[in-house]
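Reader: I should like to go through this model with you, beginning with a helix and then moving to the rest. Could you keep the answers plain?

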Amino acid sequence: MLEGKARVENTDMPARMQAAATSAASRALDLFDVEFDKRYGVGWQCVVGANFGCFFTHTSGTFIYFSLERLSFLLFKAAAVAS
């Protein structure tokens with residue numbers, strides 16, 4: 001569906017995890033099947049759109065915001081809530 005390399009706009013993820021995130025997003029748009037939770041654990045949130053804003057709390061080292069063509073992707077693992 002979307003072609004080309006993802007342009008990472010902001011991140012605090014290690015480079016290897018960034019590559020996995022952008023690759024997963026690209027594959028998801030083509031296959032509609034995402035396995036990210038199975039590989040990196042539960043609690044991941046993904047926002048995809050052409051124009052959005054948000055405020056969130058995330059686990060350190062699990063945030064990435066990037067674009068593929070006209071769509072932007074926000075991917076993060078929700079921070080654990082103290083009980």
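Reader: What should the 17 residues of α1 span at 1.5 Å a residue, and how far apart are its end C-alpha atoms?
Author: The 17 residues of α1 should span 24 Å at 1.5 Å a residue, and the end C-alpha atoms are 24 Å apart, so the two values agree. The expected span of a helix is 1.5 Å times one less than its number of residues. Helices (H or I, at least four residues) and strands (E, at least two) are DSSP runs, numbered from the N terminus.

Reader: Before we continue, what kind of model is this, and which pLDDT limits apply?
Author: This is a predicted model, in which local features need pLDDT of at least 70, side-chain atom pairs count only at pLDDT 80 or more, and totals for chains, interfaces and linings use all residues. Residues are numbered from 1 along each chain as its sequence is written, and side-chain values use heavy atoms, with hydrogens and water left out.

Reader: What is the mean pLDDT of the protein chain?
Author: The mean is 83, and 86% of the residues reach 70 or more; pLDDT is the predictor's confidence in each residue, from 0 to 100. Confidence is lowest in helix α2 (residues 36-40), with a mean of 82, and highest in β3, with 93. Where pLDDT is low, the predicted coordinates should not be read in detail.

Reader: What is the secondary structure of the protein chain, and which pattern does it follow?
Author: The protein chain has two helices and four strands. Along the sequence the pattern reads β-α-α-β-β-β.

Reader: Back to α1. Which of its residues are buried?
Author: They are M17, Q18, A20, A21, T22, A24, A25, A28 and L29. Buried means under 20% relative accessible area, exposed over 50%, and partly exposed in between (1.4 Å probe, protein chains only). In the protein chain, buried residues make up 33% of the 83 residues.

Reader: And what do those buried residues of α1 pack against?
Author: They pack against β1 (7-11), α2, β2, β3 and β4 (71-77). T22 counts as buried because its relative accessibility is 15%. Leaving aside neighbours within four places in sequence, T22 is in contact (heavy atoms within 4.5 Å) with A6, V8, I64 and F66.

Reader: How much of the contact set in the protein chain comes from residues 24 or more positions apart?
Author: Such residues account for 58% of the contacts with a separation of 6 or more.

Reader: Turning to S67, where is it found, and is it buried or exposed?
Author: S67 is found in strand β3. With a relative accessible area of 5%, S67 is buried. Its side chain makes a polar contact with the side chain of S72, at 3.4 Å. A polar contact is a pair of N or O atoms within 3.5 Å; within protein, one must be able to donate a hydrogen and the other to accept it, and residues adjacent in sequence count only if both atoms are side-chain atoms. Leaving aside neighbours within four places in sequence, S67 is in contact with A6, R7, E9 and S72.

Reader: How many aromatic pairs does a search of the whole structure find?
Author: The search finds five. F56 and F63 form a tilted pair, 5.7 Å centre to centre with 40° between the planes. Rings of Phe, Tyr and Trp (its six-membered ring) pair if their centres lie within 6.5 Å; planes under 30 degrees apart count as stacked, over 60 as edge-to-face and the rest as tilted. F56 counts as partly exposed at 23% relative accessibility, whereas F63 counts as buried at 13%.

Reader: What sort of pair do F66 and F73 form?
Author: F66 and F73 form a stacked pair, 5.1 Å centre to centre with 5° between the planes. Both F66 and F73 are buried. Ring pairs also link F56, F63 and F76 into a cluster.

Reader: Now the loops. Where is R70, and what is it in contact with?
Author: R70 is in the loop between β3 and β4. At 70% relative accessibility, R70 counts as exposed. Leaving aside neighbours within four places in sequence, R70 is in contact with G49 and A50. R70 and G49 are 21 residues apart in sequence and 8.4 Å apart in space, C-alpha to C-alpha.

Reader: Which phi does E69 have?
Author: E69 has a positive phi of about 55°, although it is not a glycine. E69 also lies in the loop between β3 and β4, and is partly exposed, with a relative accessible area of 43%.
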